[in-house]
Amino acid sequence: MNAGKRFTEECARELREAISGAGGNEVFAAAYLNADGRIGRISVNARGNESAVPAIYDLDENGMPDVLIHNHPGGYLVPSDNDLLIAARAAEDGIGSYIVDNDVTQIYVIAEPVRSKKQVKLQADKIISQLEEGGAIAARLPVYENRSPQLELMRLIITAFNEDKLAAAEAGTGVGKSFAYLLPALSFAMLNNERVVISTATITLQQQLFEKDIPLVNSALPKPVKAVIVKGRGNYLCIRRLNDMLNQTQTDLDFNGKEAEFNAIAEWSRTTNTGERSSLSFTPDEELWSRVCSDADACMGMRCHAREDCFVMKLRRTAADARILVVNHHLLFADLAARHEGAGYGGTAVLPPYQRVVIDEAHKIENSATSFFAGEFTCPGLFRHISRLFRQRGTQRSGLIVRLLGRIYSHSNPHSDGADKAKKTEADGEMDWWRQAVEEIYDAAIELNRQALELCGESPFRLLPAQEKLINERLLPPLENIRRLLFRFTEKATLLAESAEENKEEDTARDDLIWELRSALRRLQKICDVCGHFIDYHDHPLEAIWIERRRYSGGKEWAAFNTAPVSIAEQLKEALFEANKTVVCVSATLTVSGAFDYWTSRTGITRALNKDGSLKTVLNGEYSSPFLYERTVLTAIPADAPEPNDRNFQRFVDEAVFRLAEASGGSTLALFTSFESLNSAFHSAAPRLEAAGIRCLRQGDDDRSRLLKTFINDESSVLFAADSFWEGVDAPGGTLRLVILCRLPFKAPNDPVFEARCENLERQGGNPFMELSVPEAVIKFRQGFGRLIRRSSDSGAVVLLDSRALRKRYGSIFLQSIPKTRYCFEGIDTVVKKTGLWVSG
């Protein structure tokens with residue numbers, strides 16, 4: 001075909017000159033179509049040799065390219081298998097593929113581009129009317145309430161979609177933020193055939209959106225939009241890994257008493273349609289599940305012989321065809337990190353490509369992103385990884401290395417008895433080397449753990465220049481020793497895998513072993529990387545690096561070695577806010593004293609740039625709860641409460657919790673900032689409350705979901721809880737009529753990441769207490785306060801036992817950040833009396 005029909009003259013000349021400049025070798029270009037369908041602009045992205053070139057393309061200021069072009073220097077324009085594979089992948093995103101000769105006079109069209117349509121704008125009034133009285137969605141709700149803040153929030157989100165803008169919105173409890181973002185997101189996806197990612201902090205909210213809210217919105221649309229809930233691959237069974245375990249001997253398996261669980265998983269695998277862990281009738285042991293679940297490091301992809309039955313592959317195919325992906329924050333950040341670190345934004349990384357994101361519970365994205373980019377290892381974890389590779393009990397040896405050596409030596413084809421004996425001697429020598437190497441690693445890890453525990457005592461031990469002498473003498477020698485031994489171990493295991501690969505005979509079992517071996521070695525490499533950060537801690541000033549004590553079942557104590565970035569704002573700015581056209585962030589708690597400054601400074605959203613270097617527009621708005629707090633809520637603070645640093649404070653809390661819970665007849669959520677305080681109050685109050693017929697529940701005595709279910713089902717119960725229960729507890733009605741906040745939720749001053757952030761802020765001339773400590777505590781305080789009122793019919797009291805809210809200048813910031821209510825700032829006796837009357841009335 002004549003290339004002149006597909007190229008403008010200028011672009012043909014530009015590509016011809018690029019090919020000539022590359023010595024006539026292959027070049028790869030991304031191209032963009034003119035209005036007449038011809039290529040009007042090209043970007044040469046890679047240069048190769050006479051037979052190959054890297055296929056590199058990504059988003060630019062005009063979005064994805066329309067066509068991928070490369071040349072065949074010999075003039076033979078028939079596509080290779082690799083050409084077809086790349087073209088097929090690009091075609092999934094509507095991108096065409098051309099091959100040209102070096103003179104750009106002849107062209108072979110592998111795949112036609114799908115001409116991009118002009119973006120269809122959302123009609124705000126039309127969409128909003130669906131949630132007004134008599135509207136399509138309003139009519140489908142069991143109980144309809146007209147919520148003007150919801151409609152205003154929806155208008156902001158529609159603008160963000162229509163104008164390719166960023167948005168940050170605070171929507172108080174009861175605003176109905178889910179429908180406010182779902183209706184625009186699904187409508188935009190339907191009209192423009194674009195993919196939208198909706199991210200939440202929890203799998204619970206994921207499921208609510210997917211199973212309840214999205215179907216309701218879809219039922220009101222002219223054309224339903226395909227939605228898929230996507231969870232991390234660790235939630236799904238890997239058929240290949242399960243079969244591998246089924247084919248092993250009992251010695252190799254080492255179930256640690258979990259044989260019955262494993263057999264139940266194997267039986268379930270024959271009937272499950274999704275392979276999702278949550279569909280099991282029991283909660284599997286974590287260590288056992290980690291050996292059969294899908295794992296990125298262990299995944300063989302298209303090389304896997306079980307790929308046709310792969311649950312993750314099936315999910316990915318479904319997700320590729322969907323226009324709404326419901327994910328959690330961890331999965332979103334796994335995808336963003338992969339793209340930011342080189343996977344690019346044009347194809348599938350962890351998720352299929354997208355340019356529109358809605359983030360619910362956005363107040364959590366800094367912590368979610370930080371935990372994703374953090375590093376950690378413990379000696380029990382190290383032992384687990386090593387045990388997968390090699391373990392010996394008595395004379396019995398097992399593990400991946402033992403099995404791989406067995407296959408290597410069983411396929412050595414000796415030609416004589418002498419050769420057979422020589423091979424056996426060689427194999428025995430190999431086994432002895434691995435046994436000794438493992439013993440040395442175990443001994444070194446025990447010594448490292450001993451030194452680390454002595455350093456951290458009961459509090460975390462941060463690696464700081466001021467501790468250099470102690471670190472150099474006590475910590476670095478055992479760390480360097482364990483890293484040296486792990487390097488030696490992984491190098492030899494890598495050579496073993498390479499040696500096994502030299503045998504070209506088809507051997508599926510051997511190939512699976514090699515893949516699993518490499519997966520385990522990558523985990524050991526990550527441990528080596530963490531060791532490296534500890535050893536070179538001077539070179540990582542923007543990381544918190546610390547050791548903390550962990551208590552395991554049976555009372556055994558082990559040190560945990562941790563690293564975490566001090567700030568994640570730059571990564572979020574580049575990977576999330578700059579890389580996508582629309583990002584909408586919503587939460588009930590984004591502001592402090594009515595300002596977004598704290599949240600925006602931590603996430604980098606206001607520093608995001610357009611492709612031309614200008615600042616991106618960030619829309620923002622506050623949408624107050626429609627609930628009538630002044631009529632339904634009493635906020636009380638005992639003015640005579642001792643301050644938390646007073647030695648009598650805990651005794652005061654213990655007695656106050658009992659008196660308040662008794663006065664309210666139960667129906668109480670008591671929230672603490674430490675388990676030490678929680679346990680003290682529980683032991684003091686629970687016997688007396690139980691004697692009065694009020695059931696007492698405590699975090700840690702049961703699984704979180706079961707504990708919440710028990711609390712919700714028993715309206716007179718009292719739940720004593722800490723950190724994770726300050727948010728995510730939804731107990732409407734008579735179940736919860738009193739929330740006790742035992743202390744303002746300031747981060748512990750010895751929290752390593754928080755401490756490092758404070759130091760970093762101080763170096764920049766800031767005030768860590770007012771710019772970090774107070775804002776972070778205010779947002780958590782607001783979350784705790786928000787547990788009380790979940791429906792318009794709810795009522796009750798929130799009692800804060802920390803008098804600093806009344807006595808300290810910063811206390812007013814906390815009180816100004818919650819809705820206006822009725823107040824009682826008197827002595828504890830009056831607070832107990834008025835709380836009891838208010839709750840019972």
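Is Phe383 buried or exposed, and with what relative accessible area? Phe383 is buried, with a relative accessible area of 13%, where buried stands for under 20%, exposed for over 50% and partly exposed for what lies in between (1.4 Å probe, protein chains only). The model is predicted, so local features need pLDDT of at least 70 and side-chain atom pairs count only at pLDDT 80 or more, while totals for chains, interfaces and linings use all residues. Residues are numbered from 1 along each chain as its sequence is written, and side-chain values use heavy atoms, with hydrogens and water left out.

View 1. Phe377 and Phe561 are stacked, because their ring centres are 4.8 Å apart and their planes stand at 10 degrees. Since Phe377 lies in strand β11 (residues 375-378) and Phe561 in strand β16 (residues 557-565), this pair ties together parts that are 184 residues apart in sequence, the strands (E, at least two residues) and helices (H or I, at least four) being DSSP runs numbered from the N terminus. Both Phe377 and Phe561 are buried. The rings of Phe383 and Trp558, with centres 5.8 Å apart and planes at 80 degrees, form an edge-to-face pair. Phe383 belongs to helix α14 (residues 379-389) and Trp558 to strand β16, so the parts that this pair ties together are 175 residues apart in sequence. Trp558 is buried, with a relative accessible area of 10%.

**View 2. Charges over rings.** A charge sits over a ring if NZ of Lys or CZ of Arg is within 6 Å of the ring centre and within 35 degrees of the ring normal. Arg41 lies over the face of Tyr32 at 3.9 Å from the ring centre, and Lys492 lies over the face of Trp433 at 4.9 Å from the ring centre.

**View 3. The second largest cavity.** A cavity is a set of points on a 1 Å grid over the protein atoms alone where a 1.4 Å probe fits but cannot get out, and its lining residues have an atom within 4 Å of a point. The second largest cavity is lined by Phe333, Leu336, Ala337, His340, Phe373, Gln571, Leu572 and Ala575. Helices α12 (329-343) and α19 (569-577) each give two or more residues to this lining, and the largest share, 4 residues, comes from α12.

Key: Phe/Tyr/Trp six-rings, centres within 6.5 Å; stacked < 30°, edge-to-face > 60°. 1 Å grid on protein atoms, 1.4 Å probe; cavity = no way out; pocket = protein on both sides within 12 Å on 5 of 7 lines; lining within 4 Å.
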